[in-house]
2 protein chains.
Amino acid sequence: MGEASAMAGTDKTRNQTLGTAPIVVLVNPQLGENIGTAARAMANFGLHELSIVAPRDGWPNAKAFGASSGAHWILEGASVFDSLSSALKDVNFIYATTARPRGMTKEVITPEQAGSDMKARIARGEKIAVLFGRERWGLDNDEVSLADVIVTAPVNPAFASINIAQAVLLVGYEWFKNQAETLGQQTPELAALAGPGLQTPDTRLATKEELFGFFNHLERELDEAGFFKTGDKKPGMMRNIRNLYARAQLTEQEVRSLRGMIASLTRAHVKRKEAK
Amino acid sequence: MGEASAMAGTDKTRNQTLGTAPIVVLVNPQLGENIGTAARAMANFGLHELSIVAPRDGWPNAKAFGASSGAHWILEGASVFDSLSSALKDVNFIYATTARPRGMTKEVITPEQAGSDMKARIARGEKIAVLFGRERWGLDNDEVSLADVIVTAPVNPAFASINIAQAVLLVGYEWFKNQAETLGQQTPELAALAGPGLQTPDTRLATKEELFGFFNHLERELDEAGFFKTGDKKPGMMRNIRNLYARAQLTEQEVRSLRGMIASLTRAHVKRKEAK
């Protein structure tokens with residue numbers, strides 16, 4: 001479906017996996033394309049262990065590789081099983097992604113809750129797996145009954161069909177969100193992702209002295225220009241002006257730029273007039 | 001790519017839209033399929049207003065409908081624009097989804113933070129939009145400079161390419177998570193008190209048309225004043241200026257005030273000169 005660096009940039013020099021992660025188990029997937037797009041979503045969020053149970057069209061599947069946007073190492077490393085129970089042999093804890101509750105007495109959690117639960121379990125050395133059902137009807141009740149907990153995403157009840165890759169994406173995203181918070185302490189890039197806030201490339205936030213210098217410059221020129229029609233309105237107007245620039249969290253460079261703009265605007269028109 | 005009720009069930013009896021939601025703006029999308037899958041992701045999370053800027057293959061596009069898994073009402077209701085600025089005219093607040101920081105001084109937040117920010121803004125009656133870039137290279141720097149804030153998802157830096165529909169899915173998911181928590185139990189008044197963000201007593205946030213009008217006014221006067229010494233530096237300088245004012249989240253009153261300041265600064269010095 002075409003690439004998009006919609007919310008992310010790729011650094012090909014990095015390792016493609018980021019430590020122990022949950023195993024993704026695709027149960028009886030029908031279309032190779034969906035296996036490929038699921039692998040891509042796994043790669044986006046540092047998931048790398050893929051188990052495929054009874055893929056309808058056999059394995060390997062060229063369409064899966066074609067749809068994976070280059071996440072080939074995940075497909076090449078995939079394990080294929082005849083039955084779900086054999087895929088889960090050495091797993092300690094199982095999450096089943098499903099639609100609404102199946103009339104089973106089993107805990108239902110959100111992908112967000114699953115994300116932090118996964119982090120805690122992996123930290124304790126547990127081996128965990130997440131089950132994703134086939135395209136047409138998801139997981140059947142016997143399959144769900146093998147799981148320890150059900151994961152259900154909050155979606156618009158009027159339009160709740162999401163495909164396998166999107167379900168993998170949401171679980172992977174919630175998993176990685178927790179990872180990014182931890183990993184953020186180790187790499188500046190992830191820190192930038194985990195820790196939001198103002199980016200100030202090649203410059204720094206202005207000091208208050210620089211900012212107040214700009215305010216004084218602006219006030220002087222506005223006075224000169226007769227902007228404050230009556231003296232009693234001036235304090236309130238200047239307060240508003242200071243407030244709006246304070247909200248912008250100006251950098252040192254921007255303060256200089258603003259002062260340059262004022263100087264240009266006030267000087268050039270005089271020159272133009274003189275030239276006439 | 002086939003249906004999956006992987007984590008959700010559909011109740012066709014429900015309304016297909018769930019009240020006011022952010023506008024999804026696809027900027028210059030190339031493939032109809034991506035417009036369709038983006039619409040599907042919107043429908044999953046109660047988003048319903050779609051704006052398409054300069055779709056490469058024209059509009060309507062049969063491939064978009066084919067790929068939407070039935071989210072036709074979103075495609076049928078889509079608005080198509082020639083330019084991004086015309087798509088944003090009556091919008092109050094803009095989120096740009098991007099890769100890593102673009103060397104701009106602009107706040108970067110996660111989809112999760114965007115989700116709660118969106119909720120607070122919609123509760124206050126603001127009209128908000130989220131920009132998603134073209135498949136190959138996302139949004140360009142001029143487009144990003146129009147936005148109030150950048151949204152970047154934490155992803156595996158070694159494999160960070162996500163497609164448009166997946167970017168829409170993550171933003172929609174975080175938006176809907178907040179909606180789902182509170183649907184039906186909230187009054188706008190309480191939301192306004194509870195939600196963080198800018199208070200705008202006696203006024204309202206400027207529309208983008210008002211803001212862009214100010215930018216044009218300022219640019220014209222700076223041109224006149226010879227502020228941009230060389231033509232090749234101008235685009236970058238204007239971008240920086242737009243960025244700093246975008247960060248301030250100007251109110252309608254402040255935009256008028258800034259335009260008044262420009263008019264004063266440029267006019268008064270001429271008058272003073274004449275008086276001599």
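## The second largest cavity

Grid points are joined across faces, edges and corners, and a volume is the space filled by probe spheres set on the points.

Its lining consists of Asn92(B), Phe93(B), Asp148(B), Leu205(B), Ala206(B), Lys208(B), Leu211(B), Tyr245(B), Ala246(B), Gln249(B) and Leu250(B). By class that gives seven nonpolar, two polar and two charged residues, counting Ala, Val, Leu, Ile, Met, Phe, Trp, Tyr, Cys and Pro as nonpolar, Asp, Glu, Lys and Arg as charged, and the others, Gly among them, as polar. Helices α9 and α10 of chain B each put at least two residues into this lining; helices (H or I, at least four residues) and strands (E, at least two) are DSSP runs, numbered from the N terminus.

## Ground rules

The model being predicted, local features need pLDDT of at least 70 and side-chain atom pairs count only at pLDDT 80 or more, while totals for chains, interfaces and linings use all residues. Residues are numbered from 1 along each chain as its sequence is written, chains are lettered from A and ligands numbered from 1 in the order in which they are written, and side-chain values use heavy atoms, with hydrogens and water left out.

## The largest cavity

Searching the whole structure turns up four cavities of 30 Å³ or more. The largest holds about 130 Å³ of space. Its lining counts 14 residues, and those nearest its centre are Tyr245(A), Met261(A), Ile262(A), Tyr245(B) and Met261(B).

What classes of residue line the largest cavity? The lining has 14 nonpolar, no polar and no charged residues. Tyr245(B) turns up in this lining and also in that of the second largest cavity.

## Helices α9 and α10

In chain B, α9 (residues 208–224) packs on α10 (residues 234–247) at about 140 degrees, with the axes 11 Å apart. Axes are lines fitted to C-alpha atoms, for helices over the stretch in contact, and angles run from 0 to 180 degrees between N-to-C directions. That is why α9(B) and α10(B) are oblique to each other: angles under 35 degrees count as roughly parallel, over 145 as roughly antiparallel, 65 to 115 as roughly perpendicular and the rest as oblique. Phe214(B), Phe215(B), Leu218(B), Glu219(B), Leu222(B) and Asp223(B) of α9(B) touch Lys234(B), Met238(B), Ile241(B), Arg242(B) and Tyr245(B) of α10(B), where contact means heavy atoms within 4.5 Å. This contact has seven nonpolar, no polar and four charged residues.

Over in chain A, α9(A) and α10 (residues 234–247) pack at about 140 degrees, their axes 11 Å apart. The α9(A) contact includes Phe214(A) and Leu218(A), with Met238(A) and Tyr245(A) among the α10(A) residues.

Trp59(A) and Pro60(A) are joined by a cis peptide bond, omega about 0 degrees, and Pro60(A) sits in the loop between β2 (49–53) and α2 (62–67) of chain A. In chain B, the bond from Trp59(B) to Pro60(B) is cis too, with omega near 0 degrees.

Ser69(A) isn't a glycine, yet has a positive phi of about 55 degrees. You'll find Ser69(A) in the loop between α2 and α3 (72–76) of chain A.

Notes: On a 1 Å grid over the protein atoms alone, a cavity is a set of points where a 1.4 Å probe fits but cannot get out, and a pocket is an open set with protein on both sides within 12 Å along at least five of seven lines; lining residues have an atom within 4 Å of a point.
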